[in-house]
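Let's take a walk through a protein model together, with the sequence and the coordinates side by side.

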Amino acid sequence: GWFYSDDAPAGTETFISKWNTSGNLRTFVLRMTSAPDYRALVSSNGTAETSVTSTVAYAAAGWKFAIGVYIPSTSLTIYINSGGLMTATTNTTSIPASLADTTAPLTIQANGTPGEYLDGRSSNCFLAASSLTAGWVQWLFDQTRWSYAV
């Protein structure tokens, strides 16, 4: 989806998730941290976490198109737009074969607690039933970027 951060996060701010850490109900989350950076995380059992941190530098007060792609037993990739292109950062180490089926709610701009609210805006968020290729991610960005003056 498209996410707009008003300022650098003082803590963790969630873009989209099915993630509740206090109840060990982790499935997936796409978020920013106070580092600041962009991260995607998944869990196979509700407690264990596998993550990837984007190489794209954080930028406040601007729209970012962020997509997390999980391919079972293969990879976890986070895509963030940078300079007119979608930049991928991929983790291929110890990727779980499946994700935890938890009761955490699907949330946008917060985690499932709720908490870790995004101080900003979101638009055109989605959850796909299959893994998107790099080409599809770039195509989605190209088709929607003009609505956000990016």
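Here is a short tour of a sheet and a pocket.

This is a predicted model, so local features need pLDDT of at least 70 and side-chain atom pairs count only at pLDDT 80 or more, while totals for chains, interfaces and linings use all residues. Residues are numbered from 1 along each chain as its sequence is written, and side-chain values use heavy atoms, with hydrogens and water left out.

Strand 7 (residues 75-82) is joined to strand 8 by seven bridges, in the antiparallel sense. Within this region, Ser82 stands opposite Leu85 of strand 8.

Now turn to the largest pocket, which holds about 480 Å³ of space. A pocket here is an open set of points on a 1 Å grid over the protein atoms alone, where a 1.4 Å probe fits, with protein on both sides within 12 Å along at least five of seven lines. Its volume is the space filled by probe spheres set on the points, which are joined across faces, edges and corners.

The largest pocket has 23 lining residues (those with an atom within 4 Å of a point), and Gly68, Val69, Tyr70, Leu127 and Ala128 lie nearest its centre. Strand 6 supplies the largest share of this lining, five residues.

Definitions and conventions:
Two strands pair if DSSP finds at least two bridges between them. Helices (H or I, at least four residues) and strands (E, at least two) are DSSP runs, numbered from the N terminus.
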